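Please look over the sequence and the model below. A short report on selected parts of the fold comes after it.

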Amino acid sequence: MTGAAGRVIGRSVARNEDERLLRGRGMYVDDVRAPDALHVAFLRSPVAHARIRVLDVSAARAHPGVTAVWTHADLGEHAEPLPLLFPHEHLPHPKTQQPLAVDEVDFVGQPIAMVIAENRYTAEDAVELIELDLEDLPAVVDYEAAVDQGPLVHADLPTNVAADGTWTVGDPDRAFAEAEIVVRHRFVCERSSSMPMEPRAVLARLDPGTGSLTVWDTTQCVLPVRSALVAKLGLPEDLLHVIAPDVGGGFGLKGYLLYPEELLVPLAALRLRAAVRWNEDRREHFLASNHQRGQAHTIELAATRDGVITGLRDDFVQDQGAFIAYGLITPWIAASHVAGSYRIPNVSVRYRCVYTNKVSVSPMRGVGRPQSSFALERAVDLLAHELGLDRAELRRRNLVQPEDFPYAREGLFFAGYPVVLDSGDYPKALELALDAIGYDGFAAEQALERERGRYLGLGLACYVEGTGEGPYEGARVYVQPTSGKVQVTTGLTTQGQSHATTFAQIAADVLGLEPDQVQIEEGNTAAFGFGAGTFGSRAIVNCANAISLAALEVRDKALRYAANMLEAAAEDLEVGGGMIHVRGVPERSVSLREIAIAVNPIRYTTLDPSTAGVERFAPARTWSGFERGDGPLLEGSAFWAPSSTTWSNGVHAAIVEVDPGTGDVRYLRYVVVHDCGVMVNPAIVNGQIHGGVAQGVANSFFERMVYDETGQHRNASFLDFLMPYATEVPSIEIHHLETPSPLNPLGIKGAGEGGSISPPAVTAAAIEDALAPFGVHVDEAPLDPQRVRALIAAAPGGAA
């Protein structure tokens, strides 16, 4: 039995990446030097829906400094719709975007023409010279109205409903027929988007000597982007490299999707045999980068009079925007989470995706979960009110219990897997949250403050988060013979998830090192050629387990080689501190670096004198050629493919103060209880929760994409688009539970999105509770001060 390495998993070690990033040494796409690069600007549609009558680019082509101007007619074989991801029978009317508009424009911001010039200023000036004449068409803006009536977004489709599907668990019709009480209500989450510090950017450079094309992209998924470009451009994989250097925030919108710019910029580099770059400006980001969140849910709960929920029906409509390249991912995730943390045996959920003349939607942090959680948790509060039952007690009576795991919901699916909640202690999480927020004493405090003219309210919401979706991720772990440091290479990217720390902790834990002795390389298809990407709270589950398996392979090899070098039995050896030593005789030891040197029969001692000391050991192996799986290096590779998804869970609770006169809402306390299984680094998990709650707060009371009746985006700037400042995001009190997942060796679950799921429901419940004397009901998110005042004015007690 070899000694165990010191535990590094579970420690809040400092982030490896902070030294570089905080000193301004990060490398973003715009930092990649390409002084000879041509620059791109786009002519984008100024209206939501119109027929192109005239598109004359001759003046732009003649402008000094312009290299090329492309329209759809110039794209040749590439003048075809972009790929549809995840086609499905429930999606009978798919429509994906052309790289450049042809004949018609379908949303404000859609690219129509592309100017390539010696600099961005010249390119923008040339865009202004393009003659564009449009014939207005009716704009479809109200997605609920567009289900059954009105003009069509796409004239070649019979309907605006792109997709229509229903999932069923148990017998919901019978549950509602036999219910002692039924509540039904409509809840709406409005459209929003994420605002990463770094907008999207693409730089492509052709090497004329080798014919290889390198693309730097602010993507979350370098390998899928490479696959799409290989298919579109016809280059072999070994001649097309995609690199995502440091990425200043992703939040999903930089994910799997191939945006038009991601194809057009590399295509220009190939055709012009030059470096070509495009950097999205902030207005382009508002208009042309994908949005998310817009859904309207009509939800019903069936229950007994003593508060046992027996059935759920949800019929929701999604504002899809003009195109649906991402398939049904968002509605599927919303549907898969619709029953939340509760033991509801009968469920029916119908989803419809409806085209509108707006920018398309695709996954954003939370991906459908905040919307379905908002509808469910608000409906649970409504049921508690109708039953005259305390809302915490109603939740107690319906939570999935620890003995219920694994808890299957046959008929619901998440990421292609049947929904099976794997582990947790939901009742304990609820009680911990109630204790932390001071639930039992709040009613008395609330009454006292109302007498003083202050309106306080408390909100409560439970959630689950499906994480760790496949299909797989892989890793290579390699001990560098020159430095002795461990190099870990993966196919993922990072946009702030701290992979350089958490992944280092995984390898260090196995190999008996400190995390700062491990280097992480990712975001480069030339370094590791297989994987899906960083999205959906999947990276830590899949890649960490792959790294652990690869590191175990390295450890096993190192022990075998060390046994030869130290002339000891492998079972008598221990690993720790970067060394392998004989148990009880620490001076009989060999370092991982020395093993990595000794395992190579060609030791280069004359070229590198520092390797000469290895000669004091016996050979690493009895030389008779390499055994299967061996080689002249100390390395291991592995892949992890999950058998199912892991399910994190938690409870949020908040106390807010509402000023009825101004409509202002202020968070007084915010509590999160979170369970993501075994935590690799608790401080980083806390950071993920803080970031998620901040984004959830933004979706609760600030960020809303506003369109008028003509499809014009009315708040496409930071002057008009409300984002919370640090002063408006509450201090967050976090409590952790750790119930390991039985589905992977490390027992871990994802943590990237849990913080963003519950804030809209919690905030709405707290505002409603605070304004109960006025009779206010909150069934929408986000709110803002003006809307709060309107709700008070429209309520029965609005004049109070």
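The report goes from a nonpolar core to a group of strands, then to a helix and a loop residue.

This is a predicted model.

**The core**

The largest nonpolar core has 124 residues. Leu-301, Leu-383 and Ile-767 have the most contacts inside this core. Helix α9, residues 369–387, gives the largest share of the core, with eight residues. Where does this core lie? Domain 2 (32–137 + 195–288) and domain 3 (292–469 + 643–794) both supply residues to the core, so it lies between them. In soluble globular proteins, nonpolar side chains tend to be buried together.

Strand β14 covers residues 309–321. How many of its 13 residues are buried? The count is 10, so the strand is mostly covered. β14 pairs with two strands, β13 and β15. The table sets out both pairings.

| Strand paired with β14 | Residues | Direction | Bridges |
|---|---|---|---|
| β13 | 295–303 | antiparallel | nine |
| β15 | 347–355 | parallel | nine |

Thr-298 has Asp-315 of β14 as its bridge partner. Asp-314 stands opposite Val-349 in β15.

The links between the strands can be traced too. β13 and β14 form a hairpin with five residues between the strands. In that hairpin, Gly-307 takes a positive phi near 90 degrees.

**Helix α11**

Helix α11 has 12 residues, 426–437. Does the distance between its ends agree or disagree with the expected span? At 1.5 Å a residue, the helix should span 16 Å. The end C-alpha atoms are 17 Å apart, which agrees.

At the start of α11, a side-chain oxygen of Asp-425 comes to within 3.2 Å of the backbone nitrogen of Lys-428. After the helix comes Gly-438, with a positive phi near 75 degrees. The buried residues of α11 include Tyr-426, Pro-427, Leu-430, Leu-434 and Ile-437. Ala-429, Ala-433 and Ala-436 are also buried.

**Asp-156**

Asp-156 sits in the loop between β6 (131–136) and β7 (161–169). Is Asp-156 buried or exposed? Its relative accessible area is 55%, and exposed means over 50%, so Asp-156 is exposed. The side chain of Asp-156 makes a polar contact of 2.5 Å with the side chain of Lys-95. Along the chain, Asp-156 and Lys-95 are 61 residues apart. Their C-alpha atoms are separated by 10.0 Å.

Note on methods. Residues numbered from 1 in each chain as written. Predicted model: local features only at pLDDT ≥ 70, side-chain atom pairs only at ≥ 80, totals over all residues. Heavy atoms only, no water. Helix = DSSP H or I, 4+ residues; strand = E, 2+ residues; numbered from the N terminus. Expected span 1.5 Å × (residues − 1). Buried < 20%, exposed > 50% of the residue type's maximum accessible area, 1.4 Å probe, protein only. Polar contact = N/O pair within 3.5 Å; in protein donor to acceptor, adjacent residues only side chain to side chain. Pairing = 2+ DSSP bridges. Core = buried A, V, L, I, M, F, W, Y, C linked by side-chain atoms within 4.5 Å. Domains from an automatic or database assignment.
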